[in-house]
Amino acid sequence: MTTQQILYPKSKLWMAAIKPPMYSVAIMPIWVGTSVAFAETKNFNATIFTTFIAAAILILAWENISNDVFDSETGIDKNKHHSLVNLTGKKLVVFWLGNLCLILGLLGILAIATWQKDLTVIGVILLCCALGYMYQGPPFRLGYQGLGEILCFFAFGPLAVGAAYYSQTQTWSMTSLLASVIVGIVTSLILFCSHFHQVDDDIAAGKRSPIVRLGTKTGSQVLIWFTASIYLLTLILVLWGIFPVWTLLSWLSLPYAFKLCRHVQQYHNQPDKVSNCKFIAVAVHFWACLLLGVGFVL
Ligand SMILES: C/C(=C\COP(=O)(O)OP(=O)(O)O)CCC[C@H](C)CCC[C@H](C)CCCC(C)C
Ligand SMILES: O=C(O)C1=CC(=O)c2ccccc2C1=O
């Protein structure tokens, strides 16, 4: 047994590699886009919805699996015991497993486009995939320049929510676009939080993440402003009469938001303690998006 395996049981490393809670990130844009569509049209196509959710999960699996492959080439993951490449030692198998997920996911989206006799949804999702590739794949590796949060905002916000709305209605909506801004910001918060504990490895590999650029202290303050923005935006859109009042249900996620901001304020420069903050951010994302969608459906 290696020291790694004694310190971290293999089952825990595998769970950390697969990161099941992270997949709510793929589900929520589809949920919110579909909820706005239902609120506006009172129509709901369950086959399209479930196919889209399954495809989104597969596409996000591709993104994460190929992230471990591309990161193994820059050396940034050399201390990441739960990288799929480090766990299996089979980079090529991991690479093709990722590609298989992508192909299956895109086939799901293609099915939706075929049912709709309209290529818009597949076009938008291909654009999401291109952003996902540019985040981590050569020669772009834009995440290494600190641009990941911007790509993440557009991929999971306007593009994914817009595609989900379009898949139900074959048209676009300003309300859906505004809701997608909230989904985009709260998704980017997760990525932002994921950098706090990785500053040393990132600097060593030449990755200029936003936290490397800002420093952990300023990063923890920026986090507060962006977290607050999703609640203020929802309130303003309700007061303007654009969002139904029930979307204020998303404020019930505030206890997680406070927990996140307090935790990061306190431990921003202690990698061991701050490392779980991205999962608190996942909880903020899950509850805020779930309840935002519920607010549209009610
Ligand atoms: C893989 C992602 C983050 C991991 O980053 P990092 O390298 O810091 O992680 P480790 O420390 O674990 O190595 C997420 C990147 C998100 C990306 C900017 C955009 C992805 C777009 C998706 C492909 C879109 C899926 C949309 C779906 C809902 C249809
Ligand atoms: O492993 C991670 O850190 C992330 C994985 C992931 O799929 C994702 C998706 C959207 C925003 C952030 C993240 C991660 O941070």
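I take helices (H or I, at least four residues) and strands (E, at least two) as DSSP runs, numbered from the N terminus. I keep in mind that this is a predicted model, in which local features need pLDDT of at least 70 and side-chain atom pairs count only at pLDDT 80 or more, while totals for chains, interfaces and linings use all residues. Residues are numbered from 1 along each chain as its sequence is written, chains are lettered from A and ligands numbered from 1 in the order in which they are written, and side-chain values use heavy atoms, with hydrogens and water left out.

Entry: the whole chain.
I find 15 helices and zero strands in the protein chain. The C-alpha trace spans about 55 × 40 × 35 Å along its principal axes. I looked up the radius of gyration (taken over C-alpha atoms; the globule rule is 2.2 Å times the number of residues to the power 0.38), and the 19 Å of the protein chain agrees with the value near 19 Å for a compact globule of 298 residues. Counting as buried what has under 20% relative accessible area (exposed is over 50%, partly exposed in between, with a 1.4 Å probe and protein chains only), I note that 52% of the 298 residues are buried. With contact meaning heavy atoms within 4.5 Å, 72% of the contacts between residues at least 6 apart in sequence join residues at least 24 apart.

Entry: α9 against α12.
Two packed helices are described by the angle between their axes and the distance between the axes. Axes here are lines fitted to C-alpha atoms, for helices over the stretch in contact, and angles run from 0 to 180 degrees between N-to-C directions. I read an angle of about 160 degrees between α9 (residues 174–193) and α12 (residues 216–239), with the axes 10 Å apart. Angles under 35 degrees count as roughly parallel, over 145 as roughly antiparallel, 65 to 115 as roughly perpendicular and the rest as oblique, and α9 and α12 are therefore roughly antiparallel. Residues of α9 including Leu178, Ile182, Ile185 and Phe192 meet residues of α12, among them Val222, Phe226, Ile230 and Leu237. By class (Ala, Val, Leu, Ile, Met, Phe, Trp, Tyr, Cys and Pro nonpolar; Asp, Glu, Lys and Arg charged; the others, Gly among them, polar), this contact has 14 nonpolar, four polar and no charged residues.

Entry: Thr247.
I place Thr247 in the loop between α12 and α13 (254–267), where it is buried at 0% relative accessibility. Leaving aside neighbours within four places in sequence, Thr247 is in contact with Thr234, Val238, Leu292, Gly295 and Phe296.

Entry: α13 against α15.
α13 and α15 (residues 277–297) pack at about 160 degrees with axes 9 Å apart, and they are therefore roughly antiparallel. In α13, Tyr256, Leu260 and His263 are among the residues that meet α15, where the partners include Ile280, Val284 and Trp287. The residues of this contact divide into 10 nonpolar, one polar and one charged.

Entry: backbone checks.
I note a cis peptide bond between Pro138 and Pro139, with omega about 0 degrees, and Pro139 lies in the loop between α7 (120–136) and α8 (148–169). Arg141, found in the loop between α7 and α8, has a positive phi of about 45 degrees although it is not a glycine, and at 17% relative accessibility Arg141 counts as buried. Lys19, in the loop between α2 (10–18) and α3 (24–41), has a positive phi near 40 degrees and is buried at 11% relative accessible area.
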